[in-house]
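I opened this model to look at its fold, one chain at a time. My entries follow.

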Amino acid sequence: MTSSETPQSKPEIPPISRLRQQRIREIQDLFDTGLKVSEIAKIYGISERQVRRDKEDGKAFDRALSKAVDQAEVLGREIRSYEQAMRMEWRSYRLATNPFVKVACMRNLIALKEKYIKFLQGAGLIDKVPEQIKVTGLPMEDDEVRSAIYAVLELVREKIEENAP
Amino acid sequence: MTNLEPDLDLALVRRELIEHHRHRGFKDPQELLRFIKVFWGLRVPQAQVCPEHTPPAQYIMDTFFEKVQDSVCWANRGGGKTLLGALSTWLDTVFKNNCATKILGGSLEQSKKMYQHLTGEGDGWGLVTEDFRYLLRGEMLAAQTALINKSNINILTASSKSVRGPHPQILRLDEIDEFDDKIYEAAMLIPKTKHGIKAGVQIYSTMHKAYGLMNRVITEAALSGYKIYKWCVFDVMEKCPDWRECEACELWEDCQGKAKIADGFYSIENAISEKRRVSRDTWLCEMLCFQPSQEGLIYKEFDINVHVVSDPFEDEPEGAG
């Protein structure tokens with residue numbers, strides 16, 4: 001099942017009034033600047049216990065916000081914007097009469113496509129095609145393999161020495 | 001379909017090779033020499049040029065595979081003694097676990113030279129290349145270079161203080177003609193067999209003092225159980241090219257065509273110019289490893305066996321005569 005198919009649970013935001021939500025955010029900022037509980041309590045004219053409760057509710061609020069992010073929706077929005085940009089670039093290419101503008105449009109299109117593919121690969125939506133295979137774990141215990149490796153390394157060293165100034 | 005290119009990371013391959021040899025050793029001495037050539041570009045001369053001498057490669061193989069415990073390398077100036085000493089030390093340190101080596105130089109300069117061959121500073125060869133750095137434990141210092149396999153190297157200048165302290169398995173002495181007799185004697189008690197590695201003393205020196213310590217060590221070598229590895233300038237000389245005619249060559253007198261089969265590194269041109277610059281005695285002693293020159297001695301013909309007799313009155317009772 002891919003992430004886009006995962007049913008997104010409804011955000012569990014605690015039932016907090018807008019006014020208190022605003023205070024919670026402000027208190028979180030004050031904590032970040034290094035203020036103590038007693039100092040914050042003095043600013044708002046509330047008890048220290050209330051400040052601590054606001055701090056805890058703030059954490060729950062943050063957690064709920066992260067759960068509220070719909071991955072599929074975010075990805076879909078990004079995909080739509082890439083495709084829209086590419087469509088617009090195609091349109092500009094078709095309408096352009098100046099050959100230089102046509103070339104510039106084509107360059108933009110190629111760059112956009114490359115970015116789009118990288119984005120899809122990064123999101124894990126398409127597989128990255130390997131371009132190289134790293135040769136490791138050679139069977140060194142095999143005398144013939146070792147001898148062949150020595151021959152390669154000798155050749156490389158000879159070439160380097162030949163080209164040295 | 002895209003063609004996949006194999007990515008042969010040579011640094012990775014070299015590391016795998018080092019790890020293989022660290023755990024499995026070397027198949028044979030030839031593989032060790034190949035390793036030396038590939039990793040350091042060092043072609044240790046193997047050809048038997050002078051019949052009475054030993055090729056330097058023989059020394060490297062014998063010491064690494066512990067065929068000899070105590071040895072003396074008596075070689076010409078520029079014959080690679082210090083470099084081979086550093087190489088032998090590094091091979092032991094990398095490929096043998098718990099192997100401790102103490103190197104004492106006859107002078108501060110000599111010790112520095114040995115250390116530089118490891119680090120690559122100055123004129124040093126630089127045996128501790130990037131390929132081996134992952135094995136280092138901490139910073140590389142002359143006083144202490146430690147490896148992750150618990151092997152270590154100490155490079156010091158010979159002094160009454162430096163011969164005291166811990167007992168490594170291997171002691172290497174560089175240019176012993178510069179050593180004080182007492183320090184040399186005290187140093188002989190340093191190496192001790194440990195962790196399955198035999199204790200050994202390895203000496204590298206030219207013999208430039210007629211009655212110096214090196215002369216004594218060589219004279220007493222058979223008695224003390226030292227194996228002598230002796231090589232001269234011709235044993236480490238580069239192969240003489242075919243176009244060079246023997247009849248017109250200034251080295252002919254000593255070479256007699258031997259350099260045609262050499263496989264070393266010593267430049268023929270350098271040898272010729274050095275022969276021109278120095279006296280015959282110095283050439284014979286320093287470059288061909290003949291017994292030291294008597295030049296400058298007041299009694300050149302002095303021979304301890306002929307001219308020193310026991311005191312005839314030594315055993316006479318007091319008051320006699």
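**Sheet of chain B**

I started with a strand pair in this predicted model. Strand β3 (residues 100-105) of chain B runs parallel to strand β7 (residues 170-174) of chain B, and five bridges join the two. I looked up one partner: Leu104(B) bridges to Leu173(B) in β7(B).

Next I checked what lies on the sheet. Helix α4 (residues 81-95) of chain B packs on it. I listed its contacts as β2 (71-75), β3, β5 (145-147), β6 (152-157), β7 and β8 (200-205) of chain B. The direction of α4(B) makes about 165 degrees with that of β7(B). Helix α5 (residues 108-119) of chain B also packs on the sheet, and it touches β3, β6 and β7 of chain B. For α5(B) I noted an angle of about 155 degrees with the direction of β6(B).

Then I took the whole sheet. It is open, has eight strands and mixed pairing, and its order is β4-β5-β6-β3-β7-β8-β2-β9 (chain B). Its edges are β4 (136-137) and β9 (227-231) of chain B, as each pairs on one side only.

**Chain A**

I counted six helices and one strand in chain A. Along the sequence I read α-α-α-α-α-β-α. Of its 165 residues, 5% are buried.

I tested helix α1 (residues 18-32) of chain A for length. At 1.5 Å a residue, its 15 residues should span 21 Å; the end C-alpha atoms are 21 Å apart, so the two agree. After α1(A) comes Gly34(A), with a positive phi near 105 degrees.

**Confidence**

I noted ipTM 0.80 and pTM 0.68 for the model. Chain B has a mean pLDDT of 88, with 90% of its residues at 70 or more.

Terms used. Residues are numbered from 1 along each chain as its sequence is written. Chains are lettered from A and ligands numbered from 1 in the order in which they are written. This is a predicted model: local features need pLDDT of at least 70, side-chain atom pairs count only at pLDDT 80 or more; totals for chains, interfaces and linings use all residues. pLDDT is the predictor's confidence in each residue, from 0 to 100. Helices (H or I, at least four residues) and strands (E, at least two) are DSSP runs, numbered from the N terminus. The expected span of a helix is 1.5 Å times one less than its number of residues. A residue is buried if 20 or more other C-beta atoms lie within 10 Å of its own, exposed if 12 or fewer, and partly exposed in between; C-beta atoms are placed from the backbone. Two strands pair if DSSP finds at least two bridges between them. Two residues are in contact if their C-beta atoms, placed from the backbone, lie within 7 Å. Axes are lines fitted to C-alpha atoms, for helices over the stretch in contact, and angles run from 0 to 180 degrees between N-to-C directions.
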